[in-house]
Amino acid sequence: MVKVLEDFGLSFDDVLLLPRKSSVVSRREISTTTRFAGKIMINIPIASAAMDTVTESAMAITLAREGGIGVIHRFIPPERQAEEVAKVKRADNVIIEKPTTISPDKTVGEARELMKTLGISGLLVVDSENRLLGILTKRDVLFEDDKMLVSKCMTPRSSMVIAESDISIEEAKNIFRRYKVEKIPIVDKDNRVKGLITCVDLLKREAYPNASRDPKGRLMVAAAIGVKENEIYRAKLLIEAGADAIVIDVAHGHTTMCIETIKKLKNLYGDDVQVVAGNVATAEGVEDLASAGADAVKVGVGPGSVCTTRIVAGVGVPQLSAILECGEAAEKMDIPIIADGGIRESGDIVKALAAGASSVMIGRLLAGTDESPGAIIVKNGRRYKIYRGMASIYAMLGREFRSREEFSEALIDSSEYSYYAEGVEAYVPYTGSASEMIKKLLAGLRSGMSYLGARTIDEMKRNSIFVRVTQAGIRESMPHDVEVI
Ligand code: XMP
């Protein structure tokens, strides 16, 4: 018999949260630390969407510095996606594990070229066994002839400050303070190069005290894969590049293909790799993916701002109900859920977390920022960026036909693609830096938590009571009966 689930239809606008007795005096008492997946903790409950108009390395770096995590999209070749992951891992890296080296018999011209190409300011000079002989910085070669040998201009090892492998961050800071050097090479007992600490990287670390970092102090980043056979190869490259989590990113995650992909990853990598899977919108979906080994499940079928799944397929669950239902199941399975799509304001983040999500995934609100891929477009004197659903016609055409010629040919017969599209292309207003956007969303979240008397996200989940509102209630919630300036 066909069932109608009448209590399963709440969206963010259908509810408000009851204010609760609060002893929170300052918003600084509030912690927004949360579990993203398995062992991975992040300091703010925000992940960026795995979409080609939202997350590549620039977005992931900014978000991780603010305390969240970016998910690098999968709509580029695996090697390029892995390079995007590597860029995040290299940014603000306190200990560079494989510093660039040069041999002493190369010329200053070659050294200059290498530093310019890689955008670095110094090279470690090593022999054929990777033993440290000296260091060559941009400053050393400022007035030198291109033909001069590296060995003649380098600062020799005997005049350098060197550290051994197990140096701590505090010890490194002391060395910088005392010897006024800018780089500390790390060597083992046989004088073989094991790493490099630079003063600039240490300063960056100090500048972002809330950043999400892995145990080695590098920024955290996740990366998406699909469910086709060759996606395990993609995952392998992403893991080798340092991805902290692999996100199986499909519109309908409650499928045998998704379950099989989770199992394959877990069989290959066990607990070393945190796997996020989705999307689902039912408790059964959460249970099945968690039982297959998922370390977190992404929730949301059709709530996204550029999604048309609900219109095209008639399928979906209003997002607040989906989170409530999935959150309960996830708690029993002891995994977190990520509420994906439909976040329009900070208030929606508060509601999503109160309903049971541990973090939210955001597309549109980040798509208009400097860090999203793509150029700023000026239209009628206003600035915009392009934001598109990954199942929109142009996104589908773009990934299927990679060359310009193939793409143009496909466009001639693009009508078939339009039948399958479940997303749209859109303009979103240009909004400046992603960091400002995140700060604004966080201020709202902290405000919500203080109204709920919650110092942590877990406390907020326990303290929350939703009230249903009517259309009149929604009208009352907006600025009304005034002309907003
Ligand atoms: P927001 O609301 O933040 O949502 O823009 C971002 C999420 O939307 C999902 N997404 C899609 N859903 N068709 C869909 O039905 C699409 O073409 C599409 N593209 C993205 C995705 O879950 C993302 O994180």
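Start with helix 11 (residues 319-333) and helix 12 (residues 346-355). Their axes come within 8 Å and cross at roughly 30°. Helix 11 is therefore roughly parallel to helix 12, as angles under 35 degrees count as roughly parallel. The axes are lines fitted to C-alpha atoms over the stretch in contact, and angles run from 0 to 180 degrees between N-to-C directions. Now show the side chains. Helix 11 contributes Leu320, Ile323 and Leu324 to the contact, and helix 12 contributes Lys351, Ala352 and Ala355. Contact means heavy atoms within 4.5 Å. Helices (H or I, at least four residues) and strands (E, at least two) are DSSP runs, numbered from the N terminus.

A note on the model before moving on. It is predicted: local features need pLDDT of at least 70, side-chain atom pairs count only at pLDDT 80 or more, and totals for chains, interfaces and linings use all residues. Residues are numbered from 1 along each chain as its sequence is written, and side-chain values use heavy atoms, with hydrogens and water left out.

Next, select helix 1 (residues 57-66). Nine of its ten residues are buried, meaning under 20% relative accessible area (1.4 Å probe, protein chains only). Among them are Met59, Ile61 and Leu63. What do the buried residues of helix 1 pack against? Colour strand 4 (46-48), strand 5 (69-72), helix 2 (78-90), helix 6 (199-207), helix 13 (364-367) and helix 17 (434-451) to see these partners. Step just past helix 1 to Gly67, which has a positive phi of about 115°.

Now for some backbone checks. Most residues other than glycine have a negative phi, and most peptide bonds are trans. Go to Asn130, which is not a glycine, yet its phi is positive at about 65°. Asn130 sits in the loop between strand 8 (122-126) and strand 9 (132-137). Jump to Asn191, where phi is also positive, about 70°. Asn191 is in the loop between strand 12 (183-187) and strand 13 (193-198). Is Asn191 buried or exposed? Asn191 counts as buried, at 17% relative accessibility.

Then select Gly278 and Asn279. A cis peptide bond joins the pair, with omega about 5°. Asn279 belongs to strand 16 (residues 274-280).

Finish at Leu16, in strand 1 (residues 15-17). Leu16 is partly exposed, with a relative accessible area of 34%; partly exposed lies between the under 20% of buried and the over 50% of exposed.

How values were computed
Angles under 35 degrees count as roughly parallel, over 145 as roughly antiparallel, 65 to 115 as roughly perpendicular and the rest as oblique.
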